[in-house]
Amino acid sequence: MADLLNIYMELFSSFFLIGLFTIGGGYAMLSLIEGQAVGHGWLTEAQFTDIVGISQMTPGPIGINSATYVGYTAIQNAGGGQFLSILGSCCSTVAVVLPSFLIMLIIVRVYTKLSSNGVFKGVMSGLRPAVVGLIGAAALILIFNVSFDGGISLSLIEENFGHWTSWVLFAAAFALTMWTKVSPILVIVAAGVIGMIIY
């Protein structure tokens, strides 16, 4: 039981640090999670590869899903039963999410205190268009396959929008989400079904 308690503590501390210092989303976490999980001997490389595959197939962020499965497998491999393995899942999941939760809690408190400050309002007014521009740039990079050396390839736009029906689907989805109250989830499902029928 002492060994399991040590694993719980190591799971919590490892995933808390991963959640605290990983910048770049779930995929950026994977190498750190692998280093901790395989390095501590909680699971094998093959088991981690399976966990990544399962994490990609299940709903939710891949980093959090991986933490959940690693926690479960680590306790199970150490001889814990199903209930203790579920506690391992909870331990690693809470640990990886906790830093983000605490940071957002602090930011919200600061935001509510400074929301009436003129300087703060000015900074936020400047940030809004920059954020919209960054999101737009990400969309253009995905559509046109822009490389960081300045080159632009039209291969993706030809592949994804080569037929007039693609443009019609794009326009319909944009119009429905922009000017109606149709749920974006319904638009995605409908677009998938229409795509299966057309293509």
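This is a predicted model: local features need pLDDT of at least 70, side-chain atom pairs count only at pLDDT 80 or more; totals for chains, interfaces and linings use all residues.
Residues are numbered from 1 along each chain as its sequence is written, and side-chain values use heavy atoms, with hydrogens and water left out.

Helix α2 (residues 26–39) and helix α4 (residues 62–77) pack with their axes 8 Å apart and at an angle of about 20 degrees; helices are DSSP runs of H or I of at least four residues, numbered from the N terminus. Axes are lines fitted to C-alpha atoms over the stretch in contact, with angles from 0 to 180 degrees between N-to-C directions. The two helices, α2 and α4, are therefore roughly parallel (angles under 35 degrees). In the contact (heavy atoms within 4.5 Å), residues of α2 including Leu30 and Ile33 meet residues of α4, among them Ala67 and Val70.

Aromatic pairs, defined by ring centres within 6.5 Å for Phe, Tyr and Trp (its six-membered ring), number 5. Phe12 and Phe16 are stacked (planes under 30 degrees apart), at 6.1 Å centre to centre and 15 degrees between the planes. Both residues, Phe12 and Phe16, lie in helix α1 (residues 2–21), 4 residues apart. Tyr111 and Phe120 form an edge-to-face pair (over 60 degrees), with centres 5.4 Å apart and planes at 65 degrees. Ring pairs also link Trp167, Phe170, Phe174 and Trp179 into a cluster.

The count of disulfides (cysteine sulfur atoms within 2.5 Å) is 0. Cys90 is in no disulfide, the nearest cysteine sulfur being that of Cys91, 8.7 Å away.

Methods. Angles under 35 degrees count as roughly parallel, over 145 as roughly antiparallel, 65 to 115 as roughly perpendicular and the rest as oblique.
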